[in-house]
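The following note sets out points for a colleague who intends to work from these coordinates. Please read each point beside the displayed chain.

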Amino acid sequence: MGRKPYYQEDGIVIYHGDCREVMLELEPVDAIITDPVWPNATPELAGSENPELLFSQAVSHFPRLARRVVVQLGCDSDPRFLRTMPEELPFFRVCWLEYVRPNYKGRLLYTGDVAYVFGSPPPSRDGTHVLPGRCLQNDSARNKDIHPCARQLQHVQWLVKWFANGPVLDPFMGSGTTLVAAKRLGLPAIGIEIEQKYVETAVARLAAVQPTLELEGPAVQRPLRVASSPKGSSRASE
Ligand SMILES: C[S@@+](CC[C@H](N)C(=O)[O-])C[C@H]1O[C@@H](n2cnc3c(N)ncnc32)[C@H](O)[C@@H]1O
């Protein structure tokens, strides 16, 4: 691939750019786990002027890149947005990503997010034959100060743990929650983000992460090396 990563460390790679261009140059991964720009996303987000078009163009790359795609959305986001998901990635299931302490959005009691899983399920391994569909977020961590729609790490780590069995790609990386989750689980990951300020946020978050296997769920396979640097981390911009 000719494009230079913005940042890379052992198994973790970040590209700063438009995912519709960057994905053209990527090798296949195991799973795409992402939270795209939704029709009801905050207008300050890049792509919020036409999220449907952005998503439809991005998903056209997915069948070549991954056998499994997990798309996270809020419980108040219209799932009809997902109808452009390519037929090669059949619908598999919905997962409920609940908050132990809901909040209000007008009349709506915001009880959590949901995630739609498409494609083939991960292979059955000891203790993982039955794939669960509910994660209760019970820590008090809030990350709204780092990105306007940062997802809960506990939810995303649960998704990565159950639905990734190798390298993970998040083409709408934002503040890097998916990459942080993958790193904590010892999985390689690639993130793409169009806004440099969020790329910088993700880099800072990743620097603070130590791998850990703290949630219940399947044991992840040993990391595959997506990229490595003998001196540890490096940044293209440096
Ligand atoms: C809903 S947010 C993702 C938030 C992320 N899950 C987190 O926890 O921080 C979607 C992200 O996609 C980015 N984005 C919008 N258009 C993009 C594009 N064409 N290529 C790559 N990233 C894009 C936005 O800047 C935004 O940060």
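Two strands are taken to pair if DSSP finds at least two bridges between them.

1. Strand pairing around β5. The model is predicted, and in it strand β5 (residues 91-105) runs antiparallel to strand β6 (residues 108-119), with ten bridges joining them. Tryptophan 96 has arginine 134 of β7 as its bridge partner.

2. The hairpin turn. Between β5 and β6 there are two residues, and the two strands form a hairpin. Glycine 106, in the turn, has a positive phi of about 60 degrees.

3. Burial of α5. Is helix α5 enclosed or open to the outside? Nine of its nine residues are buried, so α5 is largely enclosed by the rest of the structure. The buried residues include the charged Lys183 and Arg184, together with Thr177, Thr178, Leu179, Val180, Ala181, Ala182 and Leu185. Among the elements that cover them are the strands β2 (12-16), β3 (31-34), β8 (168-170) and β9, and the helices α4 (153-163) and α6 (196-207).

4. The residue after α5. Glycine 186 lies in the loop between α5 (177-185) and β9 (189-193). Just after the helix, this glycine takes a positive phi of about 80 degrees. Why does glycine 186 count as partly exposed? A residue is buried if 20 or more other C-beta atoms lie within 10 Å of its own, and exposed if 12 or fewer do; glycine 186 has 15, and is therefore partly exposed. Its C-alpha atom is separated by 9.6 Å from that of glycine 166, which is 20 residues away along the chain.

5. The ligand shell. There are 25 residues around the ligand, and those that come nearest are Gly47, Phe172, Gly174, Ser175 and Thr177. The elements that give two or more residues to this shell are α1 (19-22) and β9. By class, the shell has 14 nonpolar, five polar and six charged residues.

6. Confidence. The mean pLDDT of the protein is 89, and 87% of the residues reach 70 or more. Over residues 221-238, however, pLDDT stays under 50. For that segment the model has 33 contacts beyond four places in sequence.

Notes: Residues numbered from 1 in each chain as written. Predicted model: local features only at pLDDT ≥ 70, side-chain atom pairs only at ≥ 80, totals over all residues. Helix = DSSP H or I, 4+ residues; strand = E, 2+ residues; numbered from the N terminus. pLDDT = per-residue confidence, 0-100. Contact = placed C-beta atoms within 7 Å. Near = placed C-beta within 6 Å.
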